[in-house]
Amino acid sequence: MLELGPIFRALLRQKIGAILIALQIALTLCIMVNAIFMMQQRSTQMARPSGLDEANLFYLSNTVFGQNYNHQVALADDLRLIRGTPGVVDATQINAIPLSGGGWSMGLQHQAGEGENSIGVAVYMVDEHGINTLGLELIAGENFQLTDIEWRPASSVSWPARAIVSQAMAEALYPGAYQTALGKTVYINQHEAIEISGIVKTLQAPWNGWNGVERSMLVPFQMENRNSRYLIRTEPGRRDELMPIIEKALAESNKNRIIRNVTSLEDTRADSYRSHNATNKILLLVIVILTLITAFGIVGLAMFSINRRRRQIGTRRALGATQLQVMRYFMLENFLISSLGVLIGAAAAVGLNMWLVSKFELAPLQPQLLLFGVLALYLVGQLAVLYPARKAAAISPATATRSV
């Protein structure tokens with residue numbers, strides 16, 4: 001184009017301002033792309049299915065302080081009361097709550113003995129009602145039977161003979177052939193044998209930030225513990241109605257305890273990912289602020305340039321340049337500055353992403369996200385310069401030629 005020569009000469013005369021705007025665009029692109037990338041990573045984590053019937057699940061803590069307390073009898077009475085409440089689908093005692101941030105973990109290995117590599121797994125202790133209470137999908141094997149359930153005293157360190165694992169855990173044990181895990185014997189505590197008697201499709205661990213969050217295991221235990229949890233599944237839509245009813249019924253059935261922390265699974269999920277949501281909001285705010293600062297910087301540079309070149313603009317208008325040609329001149333000038341900025345910014349964005357991937361084991365940046373950032377910055381630049389370009393095009397040739 002004929003304007004390219006004058007544009008380059010004009011930019012060389014005010015190169016410091018143009019370079020600063022280009023660097024500002026580069027910084028914005030680098031931060032924008034990687035911020036969106038991190039937001040996507042967190043959103044993907046938050047969208048992972050837990051495998052549970054979350055909408056209809058709640059749990060509560062049962063703390064006993066009375067003397068001569070028969071745990072086995074009391075547990076049986078409590079579960080009978082809960083399961084007999086109209087609207088309750090099922091209930092179980094459980095040692096930990098998925099996505100709650102606190103729980104048990106162990107390691108499973110193929111061979112007994114020290115020195116064998118073990119694979120970490122989250123452990124849930126439940127009875128034969130566990131799968132139905134959690135709302136899990138059993139895709140292979142069978143559920144626990146009543147005869148499988150063992151009583152676990154508080155001081156016990158032993159493990160039962162059977163376990164049900166998640167598909168992800170079976171895959172970790174037998175890569176590419178998770179089905180072959182069924183019926184296999186693995187070892188816990190280096191020497192205790194456990195047979196995998198079932199596989200559930202999905203069951204998340206209590207820790208959402210753990211890289212093995214999908215690796216979980218159910219074991220057939222009922223626990224002797226003065227501080228225990230009951231997990232309750234209700235009929236659809238009746239959870240909020242039944243939460244206070246069951247809390248009151250349990251409290252009145254035994255005065256030597258405290259029922260507390262009655263919480264829904266949906267609230268637990270929200271609490272678990274609260275920091276993720278907060279971080280995403282902060283990153284979005286940073287993107288908006290940086291984009292606005294960049295846009296205002298472009299407007300400021302363009303207005304400064306126009307004020308310095310009023311005589312030149314007026315002369316061009318007097319020689320027959322149309323308003324559209326004047327506008328195109330400044331928009332092309334901004335496009336060139338933006339091009340320098342996005343080239344530097346794209347390289348910086350890729351470099352920063354490579355560091356993030358190596359540091360935090362994230363997935364690499366997708367090219368379409370980088371392309372989106374480049375197009376977004378070009379659009380911001382053109383929209384930002386549109387007002388100054390229209391102001392320049394509106395300069396009267398006669399007024400411009402009279403200005404000093």
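## Close-up views of a predicted model

**View 1. Helix H7 and what packs over it.** The cover over the buried residues of H7 includes helix H2 (15–47), strand E1 (57–64), strand E11 (227–234), E12 and helix H8 (274–308). In H7, which spans residues 265–272, the buried positions are Leu265, Thr268, Arg269 and Ser272. Viewed down the axis of H7, these buried residues fall within an arc of 100 degrees, so they line one face of the helix. Please keep in mind here, and in every view below, that this is a predicted model.

**View 2. Asparagine 261 in strand E12.** Strand E12, part of the cover over H7's buried residues, takes in residues 257–264, and asparagine 261 lies in it. Have a look at the backbone here: asparagine 261 is not a glycine, yet its phi is positive, at about 55 degrees.

**View 3. Leucine 99 in a loop between two strands.** The loop shown here runs between strand E2 (88–94) and strand E3 (104–109), and leucine 99 lies in it. Leucine 99 is a residue other than glycine with a positive phi, near 65 degrees. With a relative accessibility of 3%, against a cut-off of under 20% for buried residues, leucine 99 counts as buried.

View 4. Which helices each supply at least two residues of the patch? They are H2 and helix H10 (323–360). The largest share, four residues, comes from H2. Isoleucine 16 has its place in helix H2, and with a relative accessible area of 64% isoleucine 16 is exposed.

**View 5. Two aromatic pairs.** How many aromatic pairs does a search of the whole structure find? The search finds four, and two of them are shown here. Tryptophan 159 and phenylalanine 221 form a tilted pair, with 6.2 Å from centre to centre and 45 degrees between the planes. Tryptophan 159 lies in the loop between strand E6 (150–152) and strand E7 (162–166), while phenylalanine 221 lies in strand E10 (residues 216–223), so this pair ties together parts that are 62 residues apart in sequence. Both tryptophan 159 and phenylalanine 221 are buried. In the other pair on show, the ring centres of phenylalanine 335 and tyrosine 378 are 4.8 Å apart and the planes are at 15 degrees, so the pair is stacked. Phenylalanine 335 belongs to helix H10 and tyrosine 378 to helix H11 (residues 367–393), so the parts tied together here are 43 residues apart in sequence. Phenylalanine 335 is partly exposed, with a relative accessible area of 36%, whereas tyrosine 378 is buried, at 18%.

**View 6. Glutamine 167 and its contacts.** Helix H5 covers residues 167–173, and glutamine 167 is found in it. Which residues does glutamine 167 contact, leaving aside neighbours within four places in sequence? They are Ile139, Tyr178, Ile199, Val200 and Lys201. The C-alpha atoms of glutamine 167 and lysine 201 are 5.2 Å apart in space, although the two residues are 34 residues apart in sequence. Glutamine 167 has a relative accessible area of 23% and is partly exposed.

Key. Residues numbered from 1 in each chain as written. Predicted model: local features only at pLDDT ≥ 70, side-chain atom pairs only at ≥ 80, totals over all residues. Heavy atoms only, no water. Buried < 20%, exposed > 50% of the residue type's maximum accessible area, 1.4 Å probe, protein only. Contact = heavy atoms within 4.5 Å. Arc of directions from axis to C-beta. Phe/Tyr/Trp six-rings, centres within 6.5 Å; stacked < 30°, edge-to-face > 60°.
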